[in-house]
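Colleague: I would like to go through the helix packing and the charged pairs. Can you take my questions one at a time?

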Amino acid sequence: APSTFWGEGVLTQMQTGLDAETAVARVTSADAGRAQRQLAALDMAGGSGLYTGPANDDAKGGRVFPNGVVSGNMLTDTAVLDDMARAFRAAPGPLDRRLLAALAAARAAGGDFRGLMSAALLVLHPGRAPLSLRVDYHPDDPLAALAALHERATTGAYADWALQVPNPAEPQRVLD
């Protein structure tokens, strides 16, 4: 079963100055349920941490590459991971667009053996408001719905507003 604490835990560890590899090791080693969980993290220096518990359903695993990490379980094949990493590295543009390209490549390679029901994107940057998008239990195409939600959240008036909200670099920022 997934842990709702691991994501926040690894971010907290990295905020204290730990690199992603050490932060992932700390968070995962402290959890008695780690055999059934998975965690990947990327730090601001481009370092990565990866853990895949052995009790996760096959195919499972992860790939670490310069300035990136991909992981998954319940995959049709581990080649999904290779295609994700390749798409991420080849995609132009900012991190959020490269992550969407990786998700699309994973689906095209077979993705989750149960079929795709949900899709999510989280991008944290010290000088911007968090970009946290989720589409859960979409009946047709959650990845297309996520891409559409991403477009609405990163363009137009909403994107202009998001540039003005407080962020870690400017926690006292006031809206214009």
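This is a predicted model: local features need pLDDT of at least 70, side-chain atom pairs count only at pLDDT 80 or more; totals for chains, interfaces and linings use all residues.

Colleague: How are α3 and α4 set to each other?

Modeller: The axes of α3 (residues 79–90) and α4 (residues 95–108) come within 8 Å and cross at roughly 150°. The crossing is right-handed. Angles over 145 degrees count as roughly antiparallel. So α3 and α4 are roughly antiparallel to each other.

Colleague: And which term describes α1 and α2?

Modeller: The axes of α1 (residues 6–15) and α2 (residues 20–29) come within 9 Å. They cross at roughly 135°, and α1 passes α2 in a right-handed crossing. Roughly antiparallel needs an angle over 145 degrees. The term for α1 and α2 is therefore oblique.

Colleague: Which residues in α2 does α1 meet?

Modeller: On the α1 side, the contact holds Trp6, Gly9, Val10, Gln13 and Met14. The residues of the contact of α1 with α2 divide into seven nonpolar, three polar and one charged. On the α2 side are Ala20, Ala23, Val24, Arg26, Val27 and Thr28.

Colleague: Now the charges. Are arginine 37 and aspartate 31 buried or exposed?

Modeller: Arginine 37 forms a salt bridge with aspartate 31, with the closest N and O atoms 2.7 Å apart. Buried means under 20% relative accessible area. Arginine 37 and aspartate 31 are both buried.

Colleague: How many residues apart in sequence are the parts tied together by arginine 107 and aspartate 141?

Modeller: Their side chains meet in a salt bridge, 2.5 Å from N to O. Arginine 107 lies in helix α4, and aspartate 141 in the loop between β6 (128–135) and α5 (142–154). The pair therefore ties together parts that are 34 residues apart in sequence.

Colleague: Does arginine 114 count as buried or exposed?

Modeller: Aspartate 112 forms a salt bridge with arginine 114, the closest N and O atoms being 2.5 Å apart. Relative accessibility is 52% for arginine 114. Exposed means over 50%, so arginine 114 counts as exposed.

Methods. Residues are numbered from 1 along each chain as its sequence is written. Side-chain values use heavy atoms; hydrogens and water are left out. Axes are lines fitted to C-alpha atoms, for helices over the stretch in contact, and angles run from 0 to 180 degrees between N-to-C directions. Helices (H or I, at least four residues) and strands (E, at least two) are DSSP runs, numbered from the N terminus. Angles under 35 degrees count as roughly parallel, over 145 as roughly antiparallel, 65 to 115 as roughly perpendicular and the rest as oblique. A crossing is left-handed if the near helix is turned anticlockwise from the far one by less than a right angle, and right-handed if clockwise. Contact means heavy atoms within 4.5 Å. Ala, Val, Leu, Ile, Met, Phe, Trp, Tyr, Cys and Pro count as nonpolar, Asp, Glu, Lys and Arg as charged, and the others, Gly among them, as polar. A salt bridge is a side-chain nitrogen of Lys or Arg within 4 Å of a carboxyl oxygen of Asp or Glu. Buried means under 20% relative accessible area, exposed over 50%, partly exposed in between (1.4 Å probe, protein chains only).
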